[in-house]
Amino acid sequence: MPDISHQKLNQILDAQNQALGLVVSDAPLTDCLNQICLLLEKSIQNKDIIVGISIQKDDFFNHRICPSLPEVCSLSIQRESSPCTTLQSILKNQPVFSQNISTTEHWICGQQVLQKAGIKACGSWPISITENEVYGSLDIYLKSHMEPNRFEVALTQHYAQFVAVTIEKNQLHKKQKSLTQSIQDSNHRMKAFSKLIPDLMFVLNHDGTIENLLGGSPDLLMMAESEFIDKKYNEVLPPDVSTKVEHGITQALDNNKIQVIEYSLDLPIGKTDFEGRIIPAEQDRDTHERRLLYMARDVTQQNKDKAQIEELAYYDSLTQLANRSYLMERLEEKIQLVARNQLHGALIFVDLDDFKKINDSLGHSIGDEFLIMIGLRLKQVIPLNAALARIGGDEFVILLDDLSIDAEQLKSHAVALSEMLIKQVSKSFFYNKAEYQIGCSIGISIFDGNQAATADQVLQQADMCMYQAKKMGGKQLVVFDQQFSDNTAQRFKIESDIQKGIKNHSFHAYFQPQFNHHNQIISAEALIRWQVGGKTVVQPSEFIPIAENSGLINQLQQIILKQSCQLIQQIDCLLGHQDFTLSINISTTQLRTKLGQMLLQTIMEHGLEPRRFKLEITESILLDRSQVVSEQIEVLQSMGFQFSIDDFGMGFSSLAYLHDLPIQELKIDKAFIEQRTNHKKQRAIVKAITTLANELDLNVIIEGVETTQQHQLIEGLNYTALQGFLFAKPMPISEFMALMKQTANTVI
């Protein structure tokens with residue numbers, strides 16, 4: 001800038017300060033630029049010079065600020081500006097001056113309006129911070145053809161830079177304001193969002209000072225929200241909870257892992273359970289200190305629900321005693337404990353004697369009342385820490401808490417306690433002025449985790465001893481010994497082999513045809529065969545009872561049923577009709593499970609109807625007229641299954657169940673047609689049974705026909721079908737289908 005007087009310089013600086021004051025005061029950019037134009041005109045002190053500012057926008061300088069020009073001129077220039085050579089020079093950061101606006105190209109658009117305003121010449125100086133970024137131009141309009149002097153040019157250049165700084169500061173201010181607003185909006189959204197989060201969230205610094213509190217209901221706070229800020233956790237929490245939090249913070253910071261604690265607080269809304277999560281955060285970049293997020297969740301209702309679920313899952317609804325699930329978990333824990341420490345534990349299995357008589361004579365509701373009283377009596381005798389569970393209808397189990405290194409000492413204790421239990425249960429009950437007595441049989445298992453490694457095995461040992469006590473007449477106790485151990489070992493081995501056989505597909509369904517009078521196959525009985533090593537066949541009598549006692553019978557039944565369904569589907573395709581039926585054997589054990597559901601689901605998967613299956617049951621099942629068995633038979637009948645009585649005449653035959661229960665078929669046992677001296681009596685008995693069955697509209701199957709003499713014995717009798725080795729042995733599905741194809745031309 002040329003030499004100027006001190007006074008002039010002060011005037012210029014004052015003008016700039018005024019402009020800066022506008023920028024700092026957050027005035028609009030247009031107001032600031034207008035003021036700068038006026039200040040520059042004042043500093044130049046030349047009435048023939050008017051100052052304006054053009055702002056670049058989309059390669060046009062179409063934003064004109066000229067406070068000293070008539071408004072019509074400014075509007076015209078702003079509206080009509082377009083690219084020209086002047087613009088190209090400005091964009092290249094080069095100043096431009098025209099002494100005659102009418103003859104030279106400067107701002108072509110708006111020339112006429114400017115000339116009417118007395119403008120003769122004009123010049124433009126780039127407004128820029130760097131060579132590559134031009135914001136616009138600082139323009140001077142002259143009312144004469146004279147060029148501006150050195151002072152005026154220098155002052156204009158200086159103000160052009162000042163305008164650039166002003167524009168840049170304004171843009172920066174806008175960005176900062178936008179960022180501040182964005183942060184404020186984000187904070188507002190965060191606070192609004194946190195109000196929806198049910199968990200309380202505390203931001204803690206490394207020493208446990210609460211820096212912020214978000215989320216959660218105010219009802220979960222022990223004091224006002226503002227009272228938490230800048231206080232340490234041990235100032236706002238009870239000592240016992242503070243200790244847990246302190247330990248959690250230490251662990252979170254040391255291990256850099258989330259820590260979980262549980263505690264309860266007495267709040268105005270009542271006792272409230274919390275689950276606290278202490279989450280370590282990253283180090284602060286400035287202070288290098290660690291922060292933590294402490295989240296407190298109200299789990300009061302969750303704990304109540306959990307307790308209720310646990311009660312439903314682990315306690316008997318009738319007696320309020322522990323149930324089988326609870327007992328088995330406790331027993332597993334006890335087995336592991338005695339095995340680790342070379343100790344012994346004791347389990348006592350209690351089963352009531354002849355309780356069925358109470359149910360039959362007084363009804364099940366009164367029987368339930370007796371079970372409740374039995375439970376109370378047992379609790380009065382057993383040690384305080386022993387676990388008492390009801391695991392079945394009238395079955396109770398006691399798991400002693402006492403452990404001993406001396407098996408004989410523990411055995412003596414269990415025997416003495418069992419004798420007290422027998423006496424306690426045998427005391428008279430009084431109902432409706434009548435006196436009743438119930439005895440009990442007890443089995444005891446002393447376990448060490450070796451001879452019985454699972455809860456099921458220990459329970460089975462005690463169960464077997466209890467049944468032995470019943471065989472001795474009841475009101476007895478039996479302790480598991482080596483003899484039982486040998487038998488049990490063999491039983492467990494077979495049970496294990498069965499499980500492996502199921503897994504290895506060693507069990508197969510065999511089918512024995514049933515022939516009518518015309519030697520036609522009208523039905524078959526499905527039987528199970530177990531092949532060991534691909535050749536050796538294990539007799540069903542060796543594994544079926546064990547499968548029933550161990551609960552594996554349903555898995556075997558599933559194998560039989562699926563292959564039976566496959567056979568029926570093949571036969572239907574061969575014969576073209578759906579009259580062929582199959583018999584499958586059902587045990588008492590299965591009738592105490594969800595048998596109907598399993599059977600129905602399997603046959604429906606194969607698109608078959610229940611009427612195609614006859615469920616063979618023994619007379620002993622029918623004599624067991626327990627509520628569970630009777631209800632299951634009724635359910636199966638309602639589903640459409642038929643029933644056949646197997647080995648009829650070999651048990652305690654009763655005409656009552658033939659009348660009362662849904663029976664469609666009798667199977668006469670082979671014992672009635674075996675070779676004996678008096679064939680006449682044998683034939684008379686079989687004839688009487690077939691005649692009775694015909695009168696009751698029951699089908700009759702005579703099984704075990706193995707010789708021609710046996711066939712001759714029953715010749716002429718009114719039976720439905722014969723079954724036996726004389727006609728065909730049980731065979732796999734492929735052989736059965738081959739036999740069916742030989743007789744396919746015969747209509748069933």
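Predicted model: local features only at pLDDT ≥ 70, side-chain atom pairs only at ≥ 80, totals over all residues.
**Start with the whole chain**

Show everything as a cartoon. The protein has 25 helices and 26 strands. Colour by burial next: of the 748 residues, 45% count as buried. Then turn to contacts between residues at least 6 apart in sequence. Of these, 62% join residues at least 24 apart.

**Stop 1: the five-stranded sheet**

Select strands E12, E13, E11, E16 and E17. Together these five strands form an open sheet, in the order E12-E13-E11-E16-E17, with mixed pairing. Which strands stand at the edges? Pick E12 (387-390) and E17 (477-479). Each has a single partner strand, so one side of each has no neighbour in the sheet. Look along the sheet to see the twist, which averages 15 degrees from one strand to the next.

E17 and strand E16 (residues 439-447) run parallel and are joined by three bridges.

**Stop 2: H11 and H12**

Two packed helices are described by the angle between their axes and the distance between the axes. Select helix H11 (residues 355-362) and helix H12 (residues 364-381). Their axes are 7 Å apart, and the packing angle is about 140 degrees. H11 and H12 are therefore oblique to each other.

Show side chains here. From H11, pick Phe355, Ile358, Asn359 and Leu362. They meet His364, Ile366, Gly367, Phe370 and Leu371 of H12. By class, this contact has six nonpolar residues, three polar and no charged.

**Stop 3: H17 and H25**

Move to helix H17 (residues 553-575) and helix H25 (residues 733-742). Their axes come within 11 Å and cross at roughly 20 degrees. An angle under 35 degrees counts as roughly parallel, so H17 is roughly parallel to H25. Is the crossing left-handed or right-handed? H17 passes H25 in a right-handed crossing.

Bring up the contact residues:

- On H17, select Gln563, Gln566, Leu567, Gln570, Ile571, Leu574 and Leu575.
- On H25, select Ile733, Phe736, Met737, Met740 and Lys741.

Colour this set by class. The contact of H17 with H25 has eight nonpolar, three polar and one charged residues.

Definitions and conventions. Residues numbered from 1 in each chain as written. Heavy atoms only, no water. Axes fitted to C-alpha atoms, helices over the stretch in contact; angles between N-to-C directions. Helix = DSSP H or I, 4+ residues; strand = E, 2+ residues; numbered from the N terminus. Parallel < 35°, antiparallel > 145°, perpendicular 65-115°, else oblique. Left-handed = near helix turned anticlockwise from the far one by under 90°. Contact = heavy atoms within 4.5 Å. Nonpolar A, V, L, I, M, F, W, Y, C, P; charged D, E, K, R; others polar. Pairing = 2+ DSSP bridges. Buried < 20%, exposed > 50% of the residue type's maximum accessible area, 1.4 Å probe, protein only.
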